[in-house]
Amino acid sequence: MKVANTELTILNILWKESPLTIGQIISRAQQTTDWHDNTIKTIVTRLFKKELVSRIKDGKQFFYTPVIEKSQVINQASESLLGRFFDGKLSPLIAHFAQNKKLDNDDIEEIEAILKQMKHDD
């Protein structure tokens, strides 16, 4: 399931705190965007129709909760990025970041530690 950047903004709000009413979502979204109320309502409705958020009615209000976990969205986006730009391979992605000096020494040490641990787990 592809998640648009606008949808991700709303999901990030709900991952931090939920359940939230539409008014609470609007309030939080407008702290970091210039989106109109109706734009935010449309995005929330789209997330609901995609079954990425659920809603429960309490009185006159709906309370929204994410159905999809952040890790699932990250995994899907990562796979998409690798597939579209790097033929599904991770090493060209890391090489790209290394060549463009996007990796500092801490990043390199962390990657090395992860790889070392992976070798030991096999």
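Colleague: Which residues form a nonpolar patch on the surface?

Modeller: Bearing in mind that this is a predicted model, the nonpolar surface patch is made up of Ile 114, Leu 115 and Met 118, which together have about 290 Å² of accessible area.

Colleague: Where does Leu 115 sit, and is Leu 115 buried, partly exposed or exposed?

Modeller: Leu 115 lies in helix α6, and because its relative accessibility is 47%, Leu 115 counts as partly exposed.

Colleague: What about charge, then: which residues form the negative surface patch?

Modeller: That patch is formed by Asp 104, Asp 106, Glu 109, Glu 110 and Glu 112. Asp 104 is placed in the loop between α5, residues 90-99, and α6, residues 105-121, and with a relative accessible area of 41% Asp 104 is partly exposed.

Colleague: Switching to the strands, how many bridges pair β2 with β3?

Modeller: Strand β2, residues 53-58, pairs with β3 in the antiparallel sense over six bridges, and within β2 and β3 you can find Ile 56 standing opposite Phe 63.

Colleague: Which strand do two bridges join to β1?

Modeller: Two bridges join strand β1, residues 20-21, to strand β3, residues 61-66, and these two strands run antiparallel. If you want a pair to look at in the structure, Leu 20 stands opposite Tyr 64 in β3.

Methods: Residues numbered from 1 in each chain as written. Predicted model: local features only at pLDDT ≥ 70, side-chain atom pairs only at ≥ 80, totals over all residues. Heavy atoms only, no water. Patch = residues over 30% accessible without salt bridge, like charges linked within 9 Å, V, L, I, M, F, W, Y side chains within 5 Å. Areas by Shrake-Rupley, 256 points an atom, 1.4 Å probe, with all protein chains shown as cover. Salt bridge = Lys/Arg side-chain N within 4 Å of Asp/Glu carboxyl O. Lys, Arg positive; Asp, Glu negative; His and termini not counted. Charge placed at Lys NZ, Arg CZ, Asp CG, Glu CD. Helix = DSSP H or I, 4+ residues; strand = E, 2+ residues; numbered from the N terminus. Buried < 20%, exposed > 50% of the residue type's maximum accessible area, 1.4 Å probe, protein only. Pairing = 2+ DSSP bridges.
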